[in-house]
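Open the model in your viewer and keep the selection panel at hand. The stops below can be followed in order.

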Amino acid sequence: MPRIERFRLADLPRTTAFRMTLLFGVLMITAVVLVLGIVYWRTGVFLTRRLDDTLMRETEEFLHTSPLEQRTHIENLVDSDSRGYWKALLLAPDGRMLAGNLDALPPELQGADGRVHSLPHGAPAALEHPRPARGIARRLADGGVLVLALRTHEVHEVRELILRAMAAGLAGSVGLALAGGLVLSFGTLRRIEAIHRASATIMAGDLSQRLPTRGSGDDFDKLAAIVNAMLAKIEGLITDVKAAGDNIAHDLRTPLTRLRTRLEGALRRGGDVEAHRAAMEDAIADTDQILATFRALLRIAEVEDGRRRAGFAPVEPAALASAASELYEPLAAARDLSFTADIQPTSVVTGDADLLFEALGNLLDNAIKFTPPGGAVSLTLHQGAGQPPEIMVRDTGPGISAEQRQAMFRRFTRGDHARHTPGNGLGLSLVAAVVQLHGFQLDVSEGRPGCVMRITLG
Amino acid sequence: MIEDEQRTAREIVDALKAEGYGVDVCHDGPTGLAAARDGTYDAITLDRLLPGLDGLSLLADLRRGGVTTPVLVVSALDGVDDKVRGLRAGGDDYLTKPFALAELVARVMALARRRGDKPDGTLLQVGPLAMDLVGRRATRGTRVLDLTPREFRLLEYFVRNAEQALTRSMLYQAVWEYSFDPGTNVIDVHIGRLRRKVDLDAEDPMIRTVRGGGWRLHAPD
C-alpha cells in the first residue's frame, strides 16, 4: 500500500497556488509603485509650478506698485507672512538693501533675468537656517533689483507623504500576498491531501470510494469528476469481470461435476468396451461444452477490446443477411419452424463483416432455439428514407419479460426458458459487444407473441 | 510433428499412425527446424510455442529455405490476429488448442493430399457421382441432382476431397464466406439436406458419417 505523505508547512512554497499568489503579489506591488511614483512625480511638478506662478504674479504686482510704495509693499508682504514662506529683498541701484528679509542676493539669481530658479540651498537669511526654495530676481526700471523667493517645504512635505503612503502600501501588499498565498496553497494542499487519502483507499482495493468534491465546480471538482467517472467505469468492469468469473465458476462447475460423475460411474460399473466407449464419448461432449464456453468468453473479450475497429471495411448488409438466412433456414426447417426472409437492398455500412455475420447468426440461432416447433422466425432488412439500414429478427417464442430484458445482455444471463436448452448464455452478450463495437443500436421489444430483436446499422 | 507437450504428441502420433502415416516427433524448435529441412514429409504440424525457437520464426525460416511442405500451425492462441499471423508466416492451415484429434487428423490428411492428387479440370467424378463445374450440373448415375448453389459448393468440396474425413469446421471454412464458428447443428442440417439429395433410400450411401465428427464422401464399391 502506498504511504500517505502528510503535507508539511515547508511544502507550502512549492505549491502552485503559493507561487501564483506570489507572482500576482509581485505584479500588484509593481503596479502600486508605478502608480504612486507617477503621482509623486506629477504632484511635485504641479506644486512647483503653482509656486512659480505665485512668484511671477507677485513680481508683476510689485512692478505695478508706485515706486514710493515699493518698500512698504515688500515690508507688508514679509510681515503678513506669519509662517515664513516668503523671502523678499529690494536692492537699490547701487546694491544697497532697501527692504526685505534676505541678507544677500542668492547666487542662483545673480542674473536677475526675471525667471524663476530653483534655490536648492535656500536663500541667505539672517535669522534662520536656509531651506530649499524657488526664487526670482528682477531688475527694476530704476536699476534696482527685486528678489522674491518661496520656500518649497510644502512640496517636500507632500512628496514625503506620498512616499510614506507608498511604503505602507508596499508593506501591506507584500503581507497580503504572502497571507493570500499561504491560505490558498493551504486550501490546495488540503484538497490534494483529501484526494491522496481517497486514492490510497482506492488503490488498497476499495473501488467504491470516490475522490471528494466540493460541488463548487472549480478545477479540482472537474478533475475529480473525470477521475470519478473513470473509477465508476473501472468499478463496473471489475464487477462485470467478477460476475462473469462467478458465473464461469457456476456454469463450469455443473458440466465439470457431470463429467466427473460420469467418469466415476463408468469406472465403477465396469462393463464392456461399448459401455466404456459410450461413457467416454459423453465425457468428450461435456468437455467440448466447457471449452465452447471458454471460447465464447475469450471471443467477447476480444470484441470488447475494440482493436478490431482497425479492420473495418465497407459491408453490404443485404449480402450479410442473405448469407445468414441461407445458413440458418435449414436449421429452422429441421426444427419445424417456418422461416421467412425479407431482404431489401440498402446502403453500405462500415464494419467487420465477420463479426456482424456472427452477431446476426447468434440472433437467428437464439430465435430458432427458443421458438417451439410450429412457430415462425423471420429476418427482415429494411431501410427507411434518410434512415440507417435496420435488421430485424422476430420469433414466436416465449418472448422476454421486462426484467429479463434488463439482464439479458449481461454475460451468462439466460431466460427462465433457457435452462433446458443447450448453450452457454453468451450469444446475446456477444451480439451486444459487436453492436457496441460498431456504434450501432440494438433494441429488444415484445413481439406479442415472441420477441423482436432489432439492430440499427448506424 | 513439432510439439513440445509429450502426452499430446503421443496421442497425435497414435491417431496419425492409425490412419497409416509414419510420424517423426521433435520436441523443440531447433531440432524441429533441422528435421523439417532435411526430411521429406507430406505435412508438418507445428506448435506455436516451442522451447528454443518460436514456432512462427521456425516457419518463416523454413519457407525462406525454400521448403514448401504443407504446415498446420497448432496454437493455444485463437484471436483473429493470431490466425492471420500464423497463416501469413507461411502456414497452410491453423488449428486452435484444444482440438478434437479427429479434426487434427482430418486437416493433416487434407494437407498431405493437397500436394498429391489434386483433381483438376471442370469435370469431377467420384464413383457414380459426376459434377460439371461449368454447367453447374451434378448427377448421380443418370439422376440429375437438384442442388442450391451452396449445396453445389458443398458437394464440390466433398468430391475434391473424396474418401477423406471432413469435419464441420473444415466444411464451413471451405464453403461459407464469413469466418465464424456456427456451432454444430447448423452445418449438420445442411449436410443432412445434401445427403437426402445425393443418397436416395434405395441407393448405397455415399456421404457417410465418420466416427468422432465429420463426414466422408465414399464411392460405393
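This is a predicted model: local features need pLDDT of at least 70, side-chain atom pairs count only at pLDDT 80 or more; totals for chains, interfaces and linings use all residues.

Residues are numbered from 1 along each chain as its sequence is written, and chains are lettered from A and ligands numbered from 1 in the order in which they are written.

**Stop 1: helix H1 of chain A.** Select residues 16-63 of chain A, which form helix H1; helices (H or I, at least four residues) and strands (E, at least two) are DSSP runs, numbered from the N terminus. The 48 residues of H1(A) reach 70 Å from first to last C-alpha, close to the 70 Å expected at 1.5 Å a residue (1.5 Å times one less than the number of residues). Next, pick out Phe18(A), Thr21(A), Leu51(A) and Leu55(A), the buried residues of this helix. Buried means that 20 or more other C-beta atoms, placed from the backbone, lie within 10 Å of the residue's own; exposed means 12 or fewer, and partly exposed lies in between. Their cover includes strands S3 (113-119), S4 (133-139) and S5 (145-151) and helix H3 (153-203) of chain A.

**Stop 2: the cores.** Select Leu356(A), Ala359(A), Leu360(A), Leu364(A), Val434(A), Leu46(B) and Leu155(B), the residues with the most contacts inside the largest nonpolar core, which has 97 residues. Such a core is a set of buried Ala, Val, Leu, Ile, Met, Phe, Trp, Tyr and Cys residues joined through C-beta atoms within 7 Å. Helix H7 (residues 353-370) of chain A gives the most to this core, eleven residues. A second, separate core of 21 residues includes Leu55(A), Val116(A), Ala133(A) and Leu148(A).

**Stop 3: the sheet of chain B.** Show the open sheet of three strands, in the order S1-S2-S3 with parallel pairing (at least two DSSP bridges between two strands). Its edge strands are S1 and S3 (93-96) of chain B. Four bridges join S1(B) to S2 (residues 71-75) of chain B, and Ile44(B) stands opposite Val71(B) in S2(B).

Stop 4: Which feature does UniProt place at Asp47(B)? The unreviewed entry gives "modified residue: 4-aspartylphosphate"; positions follow the numbering used here, feature names are shortened, and annotations may be inferred rather than shown by experiment. Asp47(B) is in strand S1 (residues 44-47) of chain B and counts as buried because it has 23 C-beta neighbours inside 10 Å.

Technical notes. Two residues are in contact if their C-beta atoms, placed from the backbone, lie within 7 Å.
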